[in-house]
Each structure stands twice: as C-alpha cells, then as structure tokens.
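Open the model in a viewer and keep the selection tool at hand. The stops below say what to select next and what is there.

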Amino acid sequence: MHSRARSPEAKLRRTEDLLAAARTLATARGGVRHVTLAAVTEAAGLHPSAVRRYFASKEELLLELAERGWNEWRDGLAAHLAGARDLPPADSAAAVAATLTAQPLFCDLLTHVPLSLEGDVDIERARRYKTNSFAAYDALVDALTASSRTLTTAQAQELIAAALGLTAHLWQVSHPTPTLAELYAQNPRWGHVALDFAPRLTRLLQAVAVGVTVMDGD
C-alpha cells in the first residue's frame with residue numbers, strides 16, 4: 001500500500017497539489033513573500049513531514065512556479081502574436097506587457113528569483129531552472145522578431161531585459177503592503193509610483209522598443 005501511494009502518478013498528483021496550494025495562498029495573502037511551506041502543506045492536505053518528499057524547501061517550490069511561469073509567458077506571447085507580421089515596435093512592446101500582465105504570480109516571482117530563489121536551491125535545481133528559462137527566453141525573442149517590422153534579435157533581447165527589470169520593480173510598488181497603502185492614502189505624492197501596473201509597464205516598454213530602433217537607426 002505504501003509503495004502504491006508513492007507511485008510516480010501519486011507523486012505527480014501530490015506535487016501538483018502543493019503547487020496549486022502555493023498559487024492560491026500567494027493570491028490570497030498578497031504575494032509570494034507571505035507564503036510559508038507549512039501553510040502550503042496544510043492547504044494541500046498533506047502532513048507537514050511529507051512535503052520534503054516533493055520539495056526540499058519553499059525556495060525550490062516557488063522556483064518551480066517561476067519556471068512554469070516562463071513557459072506560460074512563452075506560450076502566451078506566441079499565441080498573442082500568432083499570424084502577426086510587420087508589427088511596429090510599440091505594438092511588439094504592448095504584446096510583451098499584455099502577456100506579462102496576464103500572469104500576476106509570475107510578475108511577483110520575477111522579483112524573488114534573482115533575490116533568493118535561484119541562489120537558495122542546490123546546483124542541479126538551479127541548472128534546470130536556468131536551462132528551461134533560457135529556452136523560453138530564446139522562444140520569446142524568436143516570436144518577437146518573427147512578428148516585427150524592424151526588431152532585430154539584439155533589440156528584442158533588450159526589450160525582454162527591460163520587461164524583466166521593470167516588471168520586477170513595478171509589480172511590487174503597485175501592490176503595496178497595507179502599511180504602505182495607508183501611507184500613500186495619507187500622502188498621495190509618495191504613492192505616485194504605485195500607479196496602475198499595466199499602463200505604466202506598457203508605456204515604458206513602448207519607449208524602450210521605439211528607442212532602441214531609433215538609436216540603431218532602424
């Protein structure tokens with residue numbers, strides 16, 4: 001019975017239960033920084049000691065979600081750009097922003113991956129994350145260049161780099177903690193950076209996309 005319970009199918013099901021629980025908790029608690037491994041285990045209906053069979057740490061679990069986020073972003077951008085040709089740079093940037101905005105958990109995780117997640121797992125897990133995220137990155141660049149009027153590979157790479165950095169920052173400031181939200185209500189000037197995430201990200205990425213083509217003389 002015990003061997004059956006630990007079959008590959010059962011292990012996969014438990015793994016998916018834990019990931020689903022983490023997603024739900026991150027949404028309900030205001031971000032992944034409030035997610036604990038104990039809470040995830042309880043929400044998934046597992047004994048606290050059982051979680052180590054599936055994930056060595058909270059960081060490993062969240063890194064798995066980030067890795068999947070890359071693949072979902074890749075697929076989302078490919079679908080968004082399907083059939084598109086000769087897009088101007090601003091439209092390419094808008095597609096990048098729209099497909100990122102559609103993945104709030106991934107936007108949140110983009111802050112935490114370089115800060116702690118990928119550095120706090122073992123080297124083989126970090127290698128797998130890097131391998132798969134860079135494969136998704138290459139596919140994102142290919143989708144942008146294939147659908148664009150002017151974007152070169154180097155320019156598409158710069159656009160993706162800007163998207164990653166801006167998203168990691170803007171997502172956090174546009175989703176303040178209750179303490180900061182109260183401060184912003186008391187002093188609106190302090191909250192000027194906490195404007196709507198999607199419009200600001202879109203405009204800034206459009207500025208980057210148009211800017212790199214102008215600088216390169218395209």
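Select Glu67 and, with it, the residues it touches beyond four places in sequence: Arg125, Arg128, Tyr129 and Asn132. Contact here means heavy atoms within 4.5 Å. Glu67 sits in helix α4, residues 58-81. Helices (H or I, at least four residues) and strands (E, at least two) are DSSP runs, numbered from the N terminus. Is Glu67 buried or exposed? Glu67 counts as buried because its relative accessibility is 7%; buried means under 20% relative accessible area, exposed over 50%, and partly exposed in between, with a 1.4 Å probe and protein chains only.

The model is predicted: local features need pLDDT of at least 70 and side-chain atom pairs count only at pLDDT 80 or more, while totals for chains, interfaces and linings use all residues. Residues are numbered from 1 along each chain as its sequence is written, and side-chain values use heavy atoms, with hydrogens and water left out.

Next, select helix α7, residues 123-147. Helix α7 has 25 residues and spans 36 Å from its first C-alpha to its last, close to the 36 Å expected at 1.5 Å a residue; the expected span is 1.5 Å times one less than the number of residues. Which residues of α7 are buried? They are Arg125, Ala126, Tyr129, Ser133, Ala136, Tyr137, Leu140, Val141, Ala143, Leu144 and Ser147. An α-helix has 3.6 residues a turn, so residues three or four places apart point the same way. To see what covers the buried residues of α7, show helices including α4, α5 (89-101), α6 (104-117) and α8 (153-173).

Move to Gln103, in the loop between α5 and α6. Gln103 is buried because its relative accessible area is 10%. Beyond four places in sequence, Gln103 is in contact with Gly69, Glu72 and Trp73.

Now select residues 12-73, where an unreviewed UniProt entry places the feature "domain: HTH tetR-type". UniProt positions are given in the numbering used here, feature names are shortened, and annotations may be inferred rather than shown by experiment. The end C-alpha atoms of this span lie 23 Å apart, and the span is 66% helix and 0% strand.

Select Val40, in helix α3 (residues 37-43). Val40 counts as buried because its relative accessibility is 1%. Which residues does Val40 touch, not counting those up to four places away in sequence? They are Leu18, Ala21, Ala22, Leu25, Val35 and Leu61. Draw a distance from Val40 to Asp142: they are 102 residues apart along the chain, and their C-alpha atoms are separated by 36 Å.

Then select Arg14 in helix α2, residues 8-29. Arg14 counts as partly exposed because its relative accessibility is 26%. Leaving aside neighbours within four places in sequence, Arg14 is in contact with Leu46 and Tyr54. Arg14 and Ala139 are 125 residues apart in sequence, with 30 Å between their C-alpha atoms.

Finally, show the whole protein. How many helices does the protein have? The protein has 10 helices and zero strands. Its C-alpha atoms fill a box of roughly 65 × 45 × 30 Å, taken along the principal axes. Of the 218 residues, 42% are buried. Among contacts between residues at least 6 apart in sequence, 69% join residues at least 24 apart.
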